[in-house]
Amino acid sequence: MLEEVLSLTKWKKKREILKELQRMGINISERKFRKQVEINNKLYGEGQANYYIVHGNNGYKLSFDWNEIEKSIADKRKRALTMLAECSKAEKQFQRRNNLRMDELV
């Protein structure tokens with residue numbers, strides 16, 4: 001896990017984290033790093049990890065503080081709702097266009 005090789009007790013930007021890992025001889029892509037954060041936070045939600053990796057404008061950090069965790073979760077929920085709304089609009093537009101084409105054929 002990340003805490004075994006990386007100190008995240010203070011906020012760090014993703015770029016800084018990746019450079020620090022590279023100096024340790026650990027080459028990890030940005031995507032793989034985000035996946036590791038996702039895995040850790042999933043384990044936290046299942047009661048198998050002791051900390052949550054919060055994210056925000058300041059970067060990432062390990063947290064046990066419910067207020068920080070709550071803010072991170074609220075941001076994630078907001079992003080999810082935004083993505084769902086975008087998907088819904090795209091689907092509705094596709095259906096509208098499809099219906100117009102069907103009307104033209106009739």
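The legends below describe close-up views of a predicted model. Local features need pLDDT of at least 70 and side-chain atom pairs count only at pLDDT 80 or more, while totals for chains, interfaces and linings use all residues. Residues are numbered from 1 along each chain as its sequence is written, and side-chain values use heavy atoms, with hydrogens and water left out.

**View 1. Strands E1 and E2 form a hairpin.** Strand E1 covers residues 52-56 and strand E2 residues 59-63; helices (H or I, at least four residues) and strands (E, at least two) are DSSP runs, numbered from the N terminus. The two strands run antiparallel and are joined by five bridges, where pairing requires that DSSP finds at least two bridges between them. Two residues lie between E1 and E2. Val54 is placed opposite Lys61 of E2.

**View 2. Phe33 and Tyr60 form an edge-to-face aromatic pair.** Three aromatic pairs are found in the whole structure (rings of Phe, Tyr and Trp, the last by its six-membered ring, with centres within 6.5 Å; planes under 30 degrees apart are stacked, over 60 edge-to-face, the rest tilted). For Phe33 and Tyr60 the ring centres are 5.0 Å apart and the planes stand at 85 degrees. Phe33 belongs to helix H2 (residues 30-45) and Tyr60 to strand E2, so the pair ties together parts that are 27 residues apart in sequence. Phe33 is buried at 0% relative accessible area, and Tyr60 is buried at 13% (buried means under 20%, exposed over 50%, partly exposed in between; 1.4 Å probe, protein chains only).

**View 3. Tyr44 and Tyr52 form an edge-to-face aromatic pair.** Their centres are 5.5 Å apart, with 70 degrees between the planes. Tyr44 is partly exposed at 28% relative accessibility, whereas Tyr52 is buried at 6%.

**View 4. Thr82 lies in helix H3 (residues 66-105).** A polar atom of the Thr82 side chain is 2.9 Å from the backbone oxygen of Lys78. Thr82 has a relative accessible area of 38% and is therefore partly exposed.

**View 5. The largest pocket is lined by 18 residues.** A pocket is an open set of points on a 1 Å grid over the protein atoms alone, with protein on both sides within 12 Å along at least five of seven lines; lining residues have an atom within 4 Å of a point. The space in the largest pocket is about 400 Å³. Arg34, His55, Tyr60, Lys76 and Arg79 lie nearest its centre. H2, E1 and H3 each contribute at least two residues to the lining.

Technical notes. A polar contact is a pair of N or O atoms within 3.5 Å; within protein, one must be able to donate a hydrogen and the other to accept it, and residues adjacent in sequence count only if both atoms are side-chain atoms. On a 1 Å grid over the protein atoms alone, a cavity is a set of points where a 1.4 Å probe fits but cannot get out, and a pocket is an open set with protein on both sides within 12 Å along at least five of seven lines; lining residues have an atom within 4 Å of a point. Grid points are joined across faces, edges and corners, and a volume is the space filled by probe spheres set on the points.
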